[in-house]
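Biologist: Let's go through this model together. Keep it short, please.

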Amino acid sequence: MQERKTKILIIGSGPAGYSAAIYAARAGFNPILVTGMTPGGQLTITTDVENYPGFAEAIQGPWLMDQMRDQAAHVGAEIVYDYVESVDFSKRPFVCKTSGGTTYIAWCVIIATGAQAMWLGLESEKTFRGFGVSGCATCDGFFFRGKNVAVVGGGNTAVEEALYLTNHASHVTLIHRRDALRAEKILQERLFAHPKISVLWDHVVSEIKGEEAPLRMTGVELTHTKTGEKSLHAFDGLFVAVGHKPATEIFKGQIDMDEVGYITCPPGTVFTNVEGVFAAGDVQERLYRQAVVAAGQGCMAALDAARDIESHPECHF
Ligand code: NDP
């Protein structure tokens, strides 16, 4: 068991965490960033990123995150590959323990743990996960070369996954529970114009069908959301893209959150209800949830943490 002290501990390694680390390091606070289970966060499971400013051509998500990590390290942040499994925010300095056995004593904590993909919650979804059911087109799309696949969801992720899958699959069906998508207009236009994609409106996946030996999905049962009518459809693969859940389990009871688990901050700020604890990125952002927004909030959190440290001369770390 190792104990370490730091003025600023950053939990999470997406755009919010790395931006916070860059700003905190350049301000001379020698921050420590604990990466969590998925170093680089959600952008490491995407491919093309076209909307992060500064790059005229599309860049790759994993590459962008490597750059952010290297930039943070270059300006003096310490990056630790570990997972914070418990926190005590009841008094300052705060105590955060990792699964690797380190206890961090931190004057300020910046929470940037992001969000994770959600699943439909069907038993059959669990059965066929990895055997036709996937949560990541860019990870698994390759295995569906020439196959007939479906994507569930109506947001940016679902539309991007459907478009990506056309590189591999023979046909892609987008299944959405309403009759309008929430994805950005430009993505919708690409989706509707694509000859390999069709959309099934007003349907939810009520069951995933398949064979046991060898284990593989063969199709889905859909339920019409208006008529309740059930129908069977053959698919070789199903990609679930139905949104995200904030990664806030370890902060429950320590900090205010909403009913879904997003950390609540006054609008336009990164202040949590605990003085000295800040939340940046998808962990608190329900409305915009973009890498560039997360990066901006990471910067805000580092600046606010710096102000907090400067206003507490008793903080001798
Ligand atoms: P969203 O919350 O935007 O969309 C989730 C979709 O899944 C919605 O269409 C929702 O339907 C549907 N859904 C939710 N639960 C179920 C269910 N149980 N069964 C069927 N359908 C369901 O999540 P995303 O992951 O798409 O995106 C998250 C955020 O990340 C967004 O802000 C998005 O803009 C952003 N993002 C940005 C990208 C980019 O800019 N390149 C790429 C990917 C994501 P309904 O519409 O009816 O609520």
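Biologist: Is phenylalanine 235 buried or exposed?

Modeller: Phenylalanine 235 is buried, with a relative accessible area of 5%. Buried means under 20% relative accessible area, exposed means over 50%, and partly exposed is in between, using a 1.4 Å probe and protein chains only.

Biologist: Before we go on, what am I looking at?

Modeller: This is a predicted model, in which local features need pLDDT of at least 70 and side-chain atom pairs count only at pLDDT 80 or more, while totals for chains, interfaces and linings use all residues. Residues are numbered from 1 along each chain as its sequence is written, and side-chain values use heavy atoms, with hydrogens and water left out.

Biologist: OK. Where is phenylalanine 235 found?

Modeller: In the loop between E16 and E17. E marks a strand of at least two residues and H a helix (H or I) of at least four; both are DSSP runs, numbered from the N terminus.

Biologist: Which residues is phenylalanine 235 in contact with?

Modeller: Leaving aside neighbours within four places in sequence, phenylalanine 235 is in contact with Asn148, Val149, Ala150, Thr173, Ile175, Met217, Thr218, Gly219 and Val220. Contact means heavy atoms within 4.5 Å.

Biologist: And what separates phenylalanine 235 and aspartate 282?

Modeller: Their C-alpha atoms are separated by 32 Å, and they are 47 residues apart along the chain.

**The sheets**

Biologist: New topic. What order do the strands of the five-stranded open sheet have?

Modeller: The order is E10-E17-E11-E12-E13, with parallel pairing. Two strands pair if DSSP finds at least two bridges between them.

Biologist: Which strands stand at the edges?

Modeller: E10 (133-134) and E13 (197-200). Each has a single partner strand, so one side of each is left without a neighbour in the sheet.

Biologist: What packs on the sheet?

Modeller: Helix H5, residues 156-165. H5 touches E11 (148-152), E12, E13 and E17 (237-240). The direction of H5 makes about 165 degrees with that of E11. Axes are lines fitted to C-alpha atoms, for helices over the stretch in contact, and angles run from 0 to 180 degrees between N-to-C directions.

Biologist: How many bridges join E12 to E13?

Modeller: Four, and E12 (residues 171-175) runs parallel to E13. Isoleucine 175 stands opposite leucine 200 in E13.

Biologist: What about the open sheet with three strands?

Modeller: Its order is E14-E15-E16, and the pairing is antiparallel. E14 and E16 (230-234) stand at the edges, each with a single partner strand, so one side of each is left without a neighbour in the sheet. The twist averages 30 degrees from one strand to the next.

Biologist: How many residues does the hairpin from E14 to E15 go through?

Modeller: Four. Eight bridges join E14 (residues 203-211) to E15 (residues 216-224). Histidine 203 stands opposite histidine 224 in E15. Valine 204 has threonine 223 as its bridge partner there.

**Helix packing**

Biologist: Now the helices. At what angle do H1 and H2 pack?

Modeller: H1 (residues 15-26) and H2 (residues 61-74) pack at about 25 degrees, with their axes 8 Å apart. They are therefore roughly parallel to each other. Under 35 degrees counts as roughly parallel, over 145 as roughly antiparallel, 65 to 115 as roughly perpendicular and the rest as oblique.

Biologist: Which residues meet there?

Modeller: Pro15, Tyr18, Ala21 and Ile22 in H1 meet Met65, Met68, Arg69, Gln71 and Ala72 in H2. By class, that contact has seven nonpolar, one polar and one charged residues. Ala, Val, Leu, Ile, Met, Phe, Trp, Tyr, Cys and Pro count as nonpolar, Asp, Glu, Lys and Arg as charged, and the others, Gly among them, as polar.

Biologist: How far apart are the axes of H1 and H7?

Modeller: They are 7 Å apart, at an angle of about 35 degrees, and H7 covers residues 291-310. Among the H1 residues that meet H7 are Ser19 and Tyr23. The contact divides into eleven nonpolar, two polar and no charged residues.

**Two more residues**

Biologist: Where does threonine 98 lie?

Modeller: In strand E7, residues 94-98. Threonine 98 is buried, at 4% relative accessible area. Beyond residues up to four places away in sequence, threonine 98 touches Asp82, Tyr83, Val84, Glu85 and Tyr104.

Biologist: And arginine 190?

Modeller: Arginine 190 lies in helix H6, residues 185-193. At 37% relative accessibility, arginine 190 counts as partly exposed. Not counting residues up to four places away in sequence, arginine 190 touches Glu50 and Leu163.
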